[in-house]
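Here is a chain to look over.

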Amino acid sequence: MRWLAVLLVACAAGCGVNPIPEPPFERPPALAGDVVGAVCDECDGAPLELTGAPGSVTDADVVWAVNLDGTAPPVVAPVAGDGSFALDIDGLRGNELRLQARRGALRSEPVDLIAGVGALDPSPRPLADCFEVERELALPDAASGATSSSAVALAHACGAPLAIDTIALRAPAPEYSLEGTAAPVVLEAGSAGELRVVYRPTGAAAREEVALIEVSSPEVFRRAVTLFVPGDP
């Protein structure tokens with residue numbers, strides 16, 4: 001039986017359960033520096049030129065951009081090895097642009113900027129402390145002929161009633177329809193609405209679009225929500 005005792009000691013020392021290794025940590029993409037704009041006001045139809053210096057984008061392969069004041073499709077530009085990028089986008093001085101750094105399925109927080117010359121300023125966000133809306137909404141994929149849906153809460157904790165004039169897509173997108181709270185509507189302080197989005201595949205790959213929530217009182221502003229189906233281009 002001596003051999004059994006030796007075996008048990010050896011097993012106690014080396015036969016333990018190996019821990020499951022943790023998956024490697026993936027740093028999310030980020031827009032880490034100024035975005036610089038160039039606008040030719042005298043040039044008819046000239047695009048806005050946007051650039052980011054080396055290091056302005058981290059852990060990303062591309063920069064995605066869309067003009068929230070236009071209807072043109074989003075623009076995607078590669079990120080150089082030094083973290084710089086350059087892209088052209090249709091628009092005018094004063095338009096609101098949404099940018100996002102991406103790597104595969106990973107996405108940075110969207111950043112909204114005002115088009116102009118030099119370093120672009122962040123878009124103003126009145127009542128950000130009491131009317132905050134998620135900037136993105138991922139829709140579950142759906143089979144042909146089926147639908148999926150998801151929702152964003154319109155939580156209102158401001159001291160005065162909030163008048164929402166419109167809730168609409170930035171540009172036509174037949175695969176998305178907006179339901180839930182119908183505008184125009186006034187949300188009383190402490191109340192909440194809901195933006196529900198229904199996704200219906202159209203046969204082509206689902207593209208991204210943006211829902212715009214336009215508010216007229218107590219201040220004039222808007223919130224933008226990017227709609228997308230994970231895994232689609």
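Q: Which side chain does a polar contact of 2.9 Å join to that of Ser-123?
A: This is a predicted model, where local features need pLDDT of at least 70, side-chain atom pairs count only at pLDDT 80 or more, and totals for chains, interfaces and linings use all residues. Residues are numbered from 1 along each chain as its sequence is written, and side-chain values use heavy atoms, without hydrogens and water. A polar contact is a pair of N or O atoms within 3.5 Å; within protein, one must be able to donate a hydrogen and the other to accept it, and residues adjacent in sequence count only if both atoms are side-chain atoms. The partner of Ser-123 at 2.9 Å is Glu-96.

Q: Is Ser-123 buried or exposed?
A: Buried means under 20% relative accessible area, exposed over 50%, partly exposed in between (1.4 Å probe, protein chains only). Ser-123 has a relative accessible area of 9%, so the residue is buried.

Q: Which cysteine does a disulfide join to Cys-130?
A: A disulfide is a pair of cysteine sulfur atoms within 2.5 Å. Here the S to S distance is 2.0 Å. The partner of Cys-130 is Cys-158.

Q: What is the handedness of the disulfide of Cys-130 and Cys-158?
A: Both cysteines, Cys-130 and Cys-158, are buried. The torsion about their S-S bond is about 90°, so the disulfide is right-handed.

Q: What relative accessibility does Cys-43 have?
A: A disulfide joins Cys-43 to Cys-40, S to S 1.8 Å. Cys-43 counts as partly exposed, at 36%.
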